[in-house]
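Please read it alongside the sequence and the model.

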Amino acid sequence: QVQLVESGGGLVQAGGSLRLSCAASGGAFSTYGMGWFRQSPGKEREFVATISWNGGTTLYAASVKGRFTISRDNAKSTMYLKMNSLKLEDTAVYYCAAGKNWVSVTGNQYDFWGQGTQVTVSS
């Protein structure tokens, strides 16, 4: 199976930037589509961004488009989420996911999930 571990979360000022990483092991990372999701207390997990196995296709939630960039480095078996112009509403636990799908905005189409990393945006 694939194991996923997120890192890079923390406290950041509104308007600032942060880069999240998702390190994969135990599987053929380069064959999986990947995605980022986030969840705040009392709310449903929501889609953030997704990327195809070769990085050729990306898709973003409207709330983050133009501010966030998803990327992957298959040689390092790592996916990234660069977050710019952070807003208070971006505060959440961010999760990475992997699956056989090309790209997907739906969480239940992914097979593997990381443990999450906390992102807190302050004013």
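In this predicted model, β5 pairs with strand β6 (residues 58-60) in the antiparallel sense over three bridges, and one of the facing pairs joins threonine 50 to leucine 59, its bridge partner in β6. The two strands form a hairpin with six residues between them, in which glycine 55 takes a positive phi near 75 degrees. Strand β5 itself spans residues 46-51, and because five of its six residues are buried, it is largely enclosed by the rest of the structure.

β5 is also joined to strand β4 (residues 33-39), with which it runs antiparallel, by five bridges. Here too the strands form a hairpin with six residues between them, and the turn contains glycine 42, whose phi is positive at about 80 degrees. Within this pairing, phenylalanine 37 stands opposite phenylalanine 47 in β5.

With phenylalanine 37 and tryptophan 113, the ring centres are 5.2 Å apart and the planes are at 55 degrees, so the pair is tilted. Because phenylalanine 37 lies in strand β4 and tryptophan 113 in strand β10, this pair ties together parts that are 76 residues apart in sequence. Ring pairs link Phe37, Phe47, Tyr110 and Trp113 into a cluster, and the accessibilities of three of these residues are tabulated here.

| Residue | Relative accessible area | Class |
|---|---|---|
| Phenylalanine 37 | 2% | buried |
| Tyrosine 110 | 5% | buried |
| Tryptophan 113 | 28% | partly exposed |

Another part of the structure is an open sheet of four strands in the order β1-β3-β8-β7, with antiparallel pairing. Its edge strands are β1 (3-7) and β7 (68-73), each of which pairs on one side only, and the twist from one strand to the next averages 15 degrees. β1 and strand β3 (residues 18-25) run antiparallel and are joined by five bridges, with serine 25 in β3 as the bridge partner of glutamine 3.

Which residues does threonine 117 contact, leaving aside its neighbours within four places in sequence? They are Glu6, Ser7, Gly8, Gly9, Leu20, Ala92, Val93 and Tyr94. Threonine 117 is placed in strand β11 (residues 117-122), and its side chain reaches the backbone nitrogen of glycine 9 at 3.2 Å. Since buried means under 20% relative accessible area, threonine 117 counts as buried because its relative accessibility is 10%.

Key
Residues are numbered from 1 along each chain as its sequence is written. This is a predicted model: local features need pLDDT of at least 70, side-chain atom pairs count only at pLDDT 80 or more; totals for chains, interfaces and linings use all residues. Side-chain values use heavy atoms; hydrogens and water are left out. Buried means under 20% relative accessible area, exposed over 50%, partly exposed in between (1.4 Å probe, protein chains only). A polar contact is a pair of N or O atoms within 3.5 Å; within protein, one must be able to donate a hydrogen and the other to accept it, and residues adjacent in sequence count only if both atoms are side-chain atoms. Contact means heavy atoms within 4.5 Å. Two strands pair if DSSP finds at least two bridges between them. Axes are lines fitted to C-alpha atoms, for helices over the stretch in contact, and angles run from 0 to 180 degrees between N-to-C directions. Rings of Phe, Tyr and Trp (its six-membered ring) pair if their centres lie within 6.5 Å; planes under 30 degrees apart count as stacked, over 60 as edge-to-face and the rest as tilted.
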